[in-house]
Amino acid sequence: MQGSGRFEKEVAAGKPTGVVSALDRFLVTVKGLRGVTIGSLVLFETGQKGMVREVSGGHVTVLNIDRNSPAIGGLAVVAERELGIPVGEGLIGRVVDPFGQPLDGKGPIQHAGTHPAFFQAPSIAERSMLQDQLPTGVSIVDSLFPIVLGQRIAVLGDSKSGKTSFLLQMGAQQAGTDRVVVYVLIGKRRVDIDKTISTLRDTGALEHSIVVVASIFDSLAQSYIAPYAGCAMAEYLWHGGRDVVIVYDDLASHAKAYREISLLAKANPGRESYPGDMFYAHSSLLERAGKLAKNEKTLTALPVVITPGDDITANLPTSIMSITDGQIIFDLEHFRQNIRPAVNIGLSVSRVGGRAQNAQQKNLTSKLFKLLAEYRQTREFAHFASEMSMESKRLLTLGDQLYETFRQSPSERFSLEEQLLMFGALVKAGGASSMNIALLKQRARELAAEGGAENEATLDILLNDATVEAVA
């Protein structure tokens with residue numbers, strides 16, 4: 001039987017053993033296992049693995065993390081004092097389950113060892129100040145809500161509002177860098193998993209990514225462990241000298257899995273029936289991100305939370321927002337208005353984004369926020385005014401041009417230099433003339449490739465080309 005060889009070795013080594021006395025779906029009651037601690041890895045003689053969830057008197061409650069259940073009366077042995085996740089450089093470019101086993105049919109993976117799934121976050125003394133921007137290729141995010149390497153920033157929104165497309169664009173933008181992106185897909189349908197992997201493969205992003213999959217058909221325990229397993233894989237690379245970005249897609253599914261496990265284990269339910277330690281489960285996970293002082297490398301965390309009906313005031317979204325250093329909120333109302341990506345500018349925020357921007361970028365971002373706020377206000381008054389001043393008309397024109405420039409397809413990405421040129425040119429024009437936005441984007445790419453910086457001469461060239469084409 002699978003795993004029986006290791007089981008016999010652990011028993012022969014004198015590890016604590018016990019007998020399976022009861023089963024309740026994925027909760028296994030084992031008598032014995034004297035001296036075992038919570039979080040220990042348990043092996044069953046039939047090959048299954050489990051994690052100790054609760055120690056009570058003469059019995060232990062073990063969370064079965066395999067699809068199949070062990071047999072009542074079967075033996076169990078403590079294999080490790082903590083749940084270890086196989087890690088290593090060999091995982092890069094692969095699709096695996098939470099325990100590092102391949103799911104992509106590309107053969108076995110050479111692991112470098114194991115790393116604890118529930119690892120302690122670095123202390124303040126072990127951390128360094130965040131200061132470098134993580135380019136996502138998405139203009140509205142990079143220019144208004146910059147993500148900093150080592151930051152924890154939540155991505156919230158209803159289903160089909162563009163969250164996954166944004167995260168895939170971000171991953172593709174890391175091509176050509178030394179960064180590794182870890183995607184943890186929690187409780188996803190097979191069609192969604194296949195679509196994500198296909199997109200990563202088509203854009204070439206899979207080459208520098210690790211995809212950890214726990215589908216709805218896997219054990220519920222795997223959905224619970226998946227984010228911690230993905231974090232362990234990322235931490236190994238991070239401590240080894242790599243910049244890593246980890247995407248938890250999504251923590252709402254993780255919370256539901258943990259809630260079901262806790263209710264079956266008869267834990268006292270809290271708000272919305274989530275267990276009382278739900279906040280700790282997520283905070284202890286997200287606080288593992290940051291920047292290490294010893295090697296100046298970063299682990300950036302992007303937790304995704306689904307907000308049905310765009311309700312960000314529910315228990316789970318507010319909990320995640322209180323843990324993170326900002327949030328990017330995707331709004332279905334904006335999506336229906338053909339604002340793509342459908343980022344809600346009024347509700348989104350990056351609390352540490354300014355640290356990664358130079359004076360030029362900060363100045364432009366400040367102007368953009370001011371112009372967009374005035375644009376929204378002027379647009380409201382435009383519904384009632386019969387005549388408008390020339391200044392108001394120019395502001396409406398400029399606002400329309402900015403939103404048109406923000407609009408991107410999922411396959412479109414812009415570098416920070418290209419974004420500076422595009423928005424710098426629009427702000428300088430001030431809505432005084434019509435613009436061919438498609439040509440503006442094209443010329444910005446060309447000028448950035450030629451090494452053109454954001455200065456008066458370059459912006460004049462860009463404005464002249466885009467404006468002349470629009471008039472013609």
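Thr-136 touches Val-141, Asp-142, Ile-147, Phe-166, Gln-169, Met-170 and Gln-173, leaving aside residues up to four places away in sequence; contact here means heavy atoms within 4.5 Å. This is a predicted model, so local features need pLDDT of at least 70 and side-chain atom pairs count only at pLDDT 80 or more, while totals for chains, interfaces and linings use all residues. Residues are numbered from 1 along each chain as its sequence is written, and side-chain values use heavy atoms, with hydrogens and water left out.

- Thr-136 sits in the loop between strand E10 (133-134) and helix H2 (139-144); helices (H or I, at least four residues) and strands (E, at least two) are DSSP runs numbered from the N terminus.
- Thr-136 is buried, at a relative accessible area of 0% (buried is under 20% relative accessible area, exposed over 50%, partly exposed in between, with a 1.4 Å probe and protein chains only).
- Helix H3 (residues 163-173) is mostly covered, with nine of its 11 residues buried.
- Among the buried residues of H3 are Phe-166, Gln-169, Met-170 and Gln-173, and these also turn up in the list of residues that Thr-136 touches.

**Around Asp-250**

- Asp-250 is in the loop between E15 and helix H6 (251-264), and it's buried, with a relative accessible area of 1%.
- Its side chain makes a polar contact of 3.0 Å with the side chain of Ser-253, and a polar atom of that Asp-250 side chain lies 3.1 Å from the backbone nitrogen of Ala-252.
- Leaving out residues up to four places away in sequence, Asp-250 touches Ile-186, Lys-188, Val-304, Val-305 and Ile-306.
- Asp-250 and Pro-303 are 53 residues apart along the chain, yet their C-alpha atoms are separated by 6.6 Å.

**Salt bridges**

- The structure holds 22 salt bridges (a side-chain nitrogen of Lys or Arg within 4 Å of a carboxyl oxygen of Asp or Glu).
- Asp-178 and Arg-242 pair up at 3.3 Å, N to O. Asp-178 lies in the loop between H3 and strand E13 (180-188) and Arg-242 in the loop between helix H5 (220-239) and strand E15 (244-249), so the bridge ties together parts 64 residues apart in sequence.
- Of these two, Asp-178 is partly exposed at 43% relative accessible area, whereas Arg-242 counts as buried at 17%.
- Arg-443 bridges to Glu-446, with the closest N and O atoms 2.5 Å apart; both lie in helix H13 (residues 437-449), three residues apart, or about one turn.
- Arg-443 is buried at 16% relative accessible area, while Glu-446 is partly exposed at 31%.
- Elsewhere, salt bridges with shared partners join Arg-6, Glu-10, Lys-15 and Glu-80 into one network.

**H11 against H12**

- Helix H11 (residues 390-406) and helix H12 (residues 416-429) pack at about 170°, axes 10 Å apart (axes are lines fitted to C-alpha atoms, for helices over the stretch in contact, and angles run from 0 to 180 degrees between N-to-C directions).
- That makes H11 roughly antiparallel to H12 (over 145 degrees; under 35 is roughly parallel, 65 to 115 roughly perpendicular and the rest oblique).
- H11 contributes Arg-394, Leu-398, Gln-401, Leu-402, Thr-405 and Phe-406 to the contact, and H12 contributes Met-422, Phe-423, Leu-426 and Ala-429.

Technical notes:
Polar contact = N/O pair within 3.5 Å; in protein donor to acceptor, adjacent residues only side chain to side chain.
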